[in-house]
Amino acid sequence: MHISELFYSVQGEGHLTGRPMYFIRAQGCAVKCPIRAVCDQPESLAFRGGTETSVVTLVTEALAACGPRGWVCLTGGEPAEQPDCEALIAACRQRGLFVQVQTSGMRRISAPVDWLTVSPKAPCDELLITTAHELKIIYTGQSVAELSAYYSGFRAFNYYLQPCWQDGETNQAETLDMVYRLNRAGMGYEFSAQWHKFLGVR
Ligand code: SF4
């Protein structure tokens, strides 16, 4: 695996907010992403850089960090672009760890995961994954029609809108307004803050 960073922290987004996790951030993202310029993790986007780390080492370090039955969050970059992504998921689960994967949904992931988060960077009909535990959309002014297409075309337990941060500012109020608007139109979107930012942790 090509790794950007490894750290133990608390999940600050979506349904698993508050859960301690060992974060494995993959290095590299080739997704044609409309918010690349404001990506939270610009240092993880290039395929050069990062550190080659074996699956065995990652599982060992995850177990040491979060203990047996702990959670691993495999994120990026785009973790599904790593050749060993599924091997790492399987190895973690074989050792009793729970695995969350955060992906753009532009590549299929066939290994079973405990919690799959798709944060789409393309219209719903271009996604290769259209079923997940949660859908998490970074709100950058998408239309009601576009958000409605995700709601009807993507199957998930939770549908989140999450504010976008840029230069220390956030469109939190606009995001919350859109959540209200979507709910009034019959779509059960929820607001996802990034609590780790408010807590001042990674
Ligand atoms: S897909 Fe995700 S990691 Fe890649 S540029 Fe977009 S926000 Fe960043």
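1. Leu 74 has Val 101 of strand β5 as its bridge partner, and four bridges in total join strand β4 (residues 71-75) to β5 in a parallel arrangement. Strands here are DSSP runs of E with at least two residues, helices are runs of H or I with at least four, both numbered from the N terminus, and two strands pair if DSSP finds at least two bridges between them.

2. This is a predicted model, in which local features need pLDDT of at least 70 and side-chain atom pairs count only at pLDDT 80 or more, while totals for chains, interfaces and linings use all residues. Residues are numbered from 1 along each chain as its sequence is written.

3. On β5, Gln 100 has Trp 115 of β6 as its bridge partner, and β5 and strand β6 (residues 115-118) pair in the parallel sense over four bridges. Five of the six residues of β5 (residues 98-103) are buried, so this strand is largely enclosed by the rest of the structure; buried means that 20 or more other C-beta atoms, placed from the backbone, lie within 10 Å of the residue's own.

4. Leaving aside neighbours within four places in sequence, Val 72 is in contact with residues including Met 21, Cys 92 and Val 99, contact meaning C-beta atoms, placed from the backbone, within 7 Å.

Terms used. Two residues are in contact if their C-beta atoms, placed from the backbone, lie within 7 Å. A residue is buried if 20 or more other C-beta atoms lie within 10 Å of its own, exposed if 12 or fewer, and partly exposed in between; C-beta atoms are placed from the backbone.
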